[in-house]
Every structure is written in structure tokens, then in C-alpha cells.
Amino acid sequence: MAAAFEFVVETITVDAEKIMDRRTFVKRSAGAVGILLMPRAVPAALAAERRDKLVRSNAEWKKLLTAEQYDVLREEGTERPFSSPLDHETRAGLFVCVACDLPLFPSTFKFDSGTGWPSFYDVLPGAVETKTDFKLIAPRTEYHCARCGGHHGHVFNDGPAPTGLRYCNNGVVLRFVPDRGRT
Ligand SMILES: [Zn+2]
């Protein structure tokens, strides 16, 4: 009897692991689908704002942006890790696109990923658009500002709950707007 009992316990354990794997897979798949479907899910007012694209020539952007901002936003460059003071910004407020002021991340979405770049587990609805980037061997999901098209960073599937996502953003292209009275 003891041997049979042990066998049953082992079977249950294996099944539980399979279920956990499936749950993780479903959660990650849902996250990826969420990104793809996000533009359709935004409220009408936000969608209208998002369609109001800001289009400028590269020459115009060069005049308006610093060299570092231009490199990231228009050339998809990456700032040095641990170089942005916003990596350690912990006040309540809003992170907006430095080029067009579109709000991207509330401070409540921010977490310390330890990577040296400001990191967020979610983004405001419709604030960014994504594309697959093949610059490294493994494809990555690039995201850019929905209004001005400026590159901000990449989104990965290794973030914390509740989304499991990690938006890895270049700090040099974000501007932090602290909440009034809470600075
Ligand atoms: Zn922008």
C-alpha cells in the first residue's frame, strides 16, 4: 500500500508542474497578445489623441533634441546602463516622452529591475506602438512613442506581476513630472 501511495503522490506532483508550465505559457502569451491588441482597446478620446501624430523631419528633430536624445529616439540607440538619474526616481508622478510630452508611464508602474535602465511593468493604453527588432540574434520587441514615433526601448517577458512584462526604457528620452504637492 505504501508503494502505491507514493506512486500516486508522484503522479500528482508531475501533473501540477505541467499545469504550472501551462499557466506560465498562457500568461506570457496573453501579455504578448495584449500588446498587439492594445491600440484597439483604447478609449475613443485617447485613440483620437494618439492619431494626432507629430511628424517632423530628421533635421528638425536634430535641432530640437540633444545628441543623446536624437541617438535613442531617431537612431534606436541605447544609453549606457546606470547613466540615467531617472533609474533611481521613486517619487509619485508621470514619465512622459521627452520629445512630445505624451504620458507613457505613471510612477506606480515603475520597479527596480537592477538592469540600470528605468523599468516599468506596464504602459498607459495606446501610448506606445511595437515592432520586432532583429538587431541582436534573438528577436526583441521594440516600442516607440505612439505620437512622435521616437524609439524608447524594448519590452521583455521577464517582468513582475501583474503583467509579467518589463518595459526597459532609456531614461534620457523620458521626462519626469512629479505629482503636485507630493514632491
Ligand atoms: Zn513622443
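Reader: How many bridges join strand β7 to β8?

Author: Strands are DSSP runs of E with at least two residues, helices are runs of H or I with at least four, and both are numbered from the N terminus. Two strands pair if DSSP finds at least two bridges between them. Here four bridges join β7 (residues 151-156) to β8, and the two run antiparallel. Val-155 has Tyr-167 of β8 as its bridge partner. This is a predicted model, in which local features need pLDDT of at least 70, side-chain atom pairs count only at pLDDT 80 or more, and totals for chains, interfaces and linings use all residues. Residues are numbered from 1 along each chain as its sequence is written.

Reader: In what order do the strands of the open sheet lie?

Author: The six strands follow the order β3-β4-β8-β7-β6-β5, with antiparallel pairing. At the edges are β3 (110-111) and β5 (128-133), each pairing on one side only.

Reader: Which residues touch the most other members of the largest nonpolar core?

Author: In soluble globular proteins, nonpolar side chains tend to be buried together. A nonpolar core is a set of buried Ala, Val, Leu, Ile, Met, Phe, Trp, Tyr and Cys residues joined through C-beta atoms within 7 Å; buried means that 20 or more other C-beta atoms, placed from the backbone, lie within 10 Å of the residue's own. Of the 26 residues in this core, those touching the most other members are Cys-97, Leu-104, Val-123, Ala-127, Val-128, Tyr-167 and Val-173. Elements supplying at least two core residues each include α4 (67-75) and β8 (166-169).

Definitions and conventions: A residue is buried if 20 or more other C-beta atoms lie within 10 Å of its own, exposed if 12 or fewer, and partly exposed in between; C-beta atoms are placed from the backbone.
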